[in-house]
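Me: I would like to go through this chain by question and answer. Please start with the terms.

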Amino acid sequence: MALAGMIMAISFPSVVGGLDGVKLQSSGRRVAAFINAARERVEREQFPVEVVIETKRLRALSADGAWEKDLDLVDGVEIPAPEAGDNSRRRLVLLPGVPVPRMRLPLRTSRGRALTVELNPLTGVPEIIEEPK
């Protein structure tokens, strides 16, 4: 029993860290897919879409009111609020026929791991950039 307890005590932090990484990667892919869906909606329907960015949620609203979509982040992952004096956008407006603006959206876990979802204005596709551990 003591041996099993020692093995669990040694391996527990790495298991929790691994689960943290899985949550973060999954959330990054979900955020990128969400922004991509909003961008595709703009081009398909030719109406602007506003993406509202909150700490635990993203919301997309079309200008004509016909489409709305929410994405809640999983527990333990959040979008940090911008620091005082930071000009980070908390709203993103996507317009038909206009390239997307360059935007970096950081995601962080409660244990300090981080990655960034970046909108590339040349391709219009969100990219996931993993930050070093």
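Reply: Two strands pair if DSSP finds at least two bridges between them. Helices (H or I, at least four residues) and strands (E, at least two) are DSSP runs, numbered from the N terminus. This is a predicted model, in which local features need pLDDT of at least 70 and side-chain atom pairs count only at pLDDT 80 or more, while totals for chains, interfaces and linings use all residues. Residues are numbered from 1 along each chain as its sequence is written, and side-chain values use heavy atoms, with hydrogens and water left out.

Me: In what order do the elements of the chain run from the N terminus on?

Reply: The secondary structure comes to 1 helix and 8 strands. Read from the N terminus on, the order is α-β-β-β-β-β-β-β-β.

Me: Which residue in β5 is the bridge partner of Val 51?

Reply: Strand β5 covers residues 91-94, and β1 pairs with β5 in the antiparallel sense over 4 bridges. In β5, the partner of Val 51 is Leu 92.

Me: Which residue in β2 is the bridge partner of Val 52?

Reply: A hairpin joins β1 to β2 through 3 residues. The two strands pair in the antiparallel sense over 5 bridges. In β2, the partner of Val 52 is Arg 59.

Me: Why is strand β1 largely enclosed by the rest of the structure?

Reply: Buried means under 20% relative accessible area, exposed over 50%, and partly exposed in between (1.4 Å probe, protein chains only). Strand β1 spans residues 49-53. It is largely enclosed because the buried residues number 4 of the 5.

Me: Is Ser 62 buried or exposed?

Reply: Ser 62 lies in strand β2, residues 57-62. Contact means heavy atoms within 4.5 Å; not counting residues up to four places away in sequence, Ser 62 touches Pro 48, Val 49 and Trp 67. Its relative accessible area is 9%, so Ser 62 is buried.

Me: Which are the edge strands of the open sheet?

Reply: The open sheet has 4 strands in the order β4-β6-β7-β8, with antiparallel pairing. An edge strand here pairs on one side only, and the edge strands are β4 (77-78) and β8 (126-130).

Me: In β8, which residue is the bridge partner of Leu 119?

Reply: Strand β7 covers residues 114-119 and is joined to β8 by 5 bridges, the two running antiparallel. The partner of Leu 119 in β8 is Pro 126.
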